[in-house]
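Q: I am new to this structure and would like to learn how to read its features. Could you walk me through them one at a time?

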Amino acid sequence: MLLTAEQRDALTELINIAFSRTAAALSEITSRRVLISAPQLGVHPLGELQDALAVLIPGEVATVHQIFTGNIAGDALLVLNYEGATQLVDLLADELSPAGRLDPSGREVLMEVGNILLNACLGMFGNVLEVQVSFSVPRLRLEDLRGMLTDMLIGGDDIRVALVVYTTFRLKDSDIGGFLVLILGVSSLERLLAAVGEWAARTGDE
């Protein structure tokens, strides 16, 4: 499913607002300047998502996964390669993870980052798009990409697609790339795009 230029621009603007709020929250919590770059968007059939991401994030990945339900329903994930996740945690916590691995405190930091970002993005549905959704408590998963996607490829009658948002966390002169992935049924994606279009029309008239 291809996005029109108008849909891509409106979605990018909406997600960029959520990312800016996330960066501001992380900066306040850590007392250091955190920037999250403007997102780049792509849409892939769910069955092709592994191939699309594997080139960019081979090996083990760290994901923060949250399920959301309502008129727009699906899965939201922050996806980082393991090394990038460890580096991000080290920079935010201002300390080195033991042996380059995420210890329990490091996992808590990563969970908090994912929780802030995913809640900011999903919160835009209600606060800006006026579409109410409920979302579960996020959970952290450390596994390879195939394992991460297996549960999402099983079950469900609706054809599902993945809205993939590539971005970069910037702090202390370091850039850590990551992905926000929204996995939606086609009907949910259509409702999301309709709501985004209405929002763009409203803001354009102001």
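This is a predicted model: local features need pLDDT of at least 70, side-chain atom pairs count only at pLDDT 80 or more; totals for chains, interfaces and linings use all residues.

Q: Is R170 buried, exposed or partly exposed?

A: With a relative accessible area of 40%, R170 is partly exposed. The side chain of R170 meets that of D175 in a salt bridge, at 3.8 Å from N to O.

Q: How many salt bridges does the structure hold?

A: There are 3 salt bridges. In one of them, the side chains of R101 and E60 come together at 3.6 Å, N to O. R101 sits in the loop between α3 (82-93) and α4 (104-127), while E60 belongs to strand β3 (residues 60-70), so this pair ties together parts 41 residues apart in sequence. Both ends are partly exposed: R101 has a relative accessible area of 41%, and E60 has 30%. Another salt bridge joins E143 and R141 at 2.6 Å, N to O; here R141 counts as buried, at 11% relative accessibility.

Q: Which ring does the charged end of R101 sit over?

A: That is the ring of Y82, with the charged end of R101 at 4.1 Å from the ring centre.

Q: How do I read a pair of aromatic rings?

A: Look at two things: the distance of the centres and the angle of the planes. A search of the whole structure finds 2 aromatic pairs. The ring centres of F68 and F125 are 5.9 Å apart and the planes stand at 65 degrees, so this pair is edge-to-face. It links F68 in strand β3 with F125 in helix α4, 57 residues apart, and both residues are buried. For Y166 and F179, the centres are 5.1 Å apart and the planes at 55 degrees, so that pair is tilted. Y166 lies in strand β7 (residues 160-171) and F179 in strand β8, 13 residues apart. Y166 is partly exposed at 32% relative accessible area, whereas F179 is buried at 5%.

Q: And how is empty space found?

A: A probe the size of a water molecule is rolled over the atoms to show where empty space is left. In this model the count comes to 1 cavity of 30 Å³ or more, and the largest cavity holds about 80 Å³ of space.

Q: Which residues line the largest cavity?

A: Among them are L11, I15, C121, F125 and L182. The elements giving two or more residues to this lining are α1 (5-30), α4 and β8 (174-185), and α1 gives the most, with 4 residues. By type, the lining has 11 nonpolar residues, no polar and no charged.

Notes
Residues are numbered from 1 along each chain as its sequence is written. Side-chain values use heavy atoms; hydrogens and water are left out. A salt bridge is a side-chain nitrogen of Lys or Arg within 4 Å of a carboxyl oxygen of Asp or Glu. Buried means under 20% relative accessible area, exposed over 50%, partly exposed in between (1.4 Å probe, protein chains only). On a 1 Å grid over the protein atoms alone, a cavity is a set of points where a 1.4 Å probe fits but cannot get out, and a pocket is an open set with protein on both sides within 12 Å along at least five of seven lines; lining residues have an atom within 4 Å of a point. Grid points are joined across faces, edges and corners, and a volume is the space filled by probe spheres set on the points. Ala, Val, Leu, Ile, Met, Phe, Trp, Tyr, Cys and Pro count as nonpolar, Asp, Glu, Lys and Arg as charged, and the others, Gly among them, as polar. Rings of Phe, Tyr and Trp (its six-membered ring) pair if their centres lie within 6.5 Å; planes under 30 degrees apart count as stacked, over 60 as edge-to-face and the rest as tilted. A charge sits over a ring if NZ of Lys or CZ of Arg is within 6 Å of the ring centre and within 35 degrees of the ring normal.
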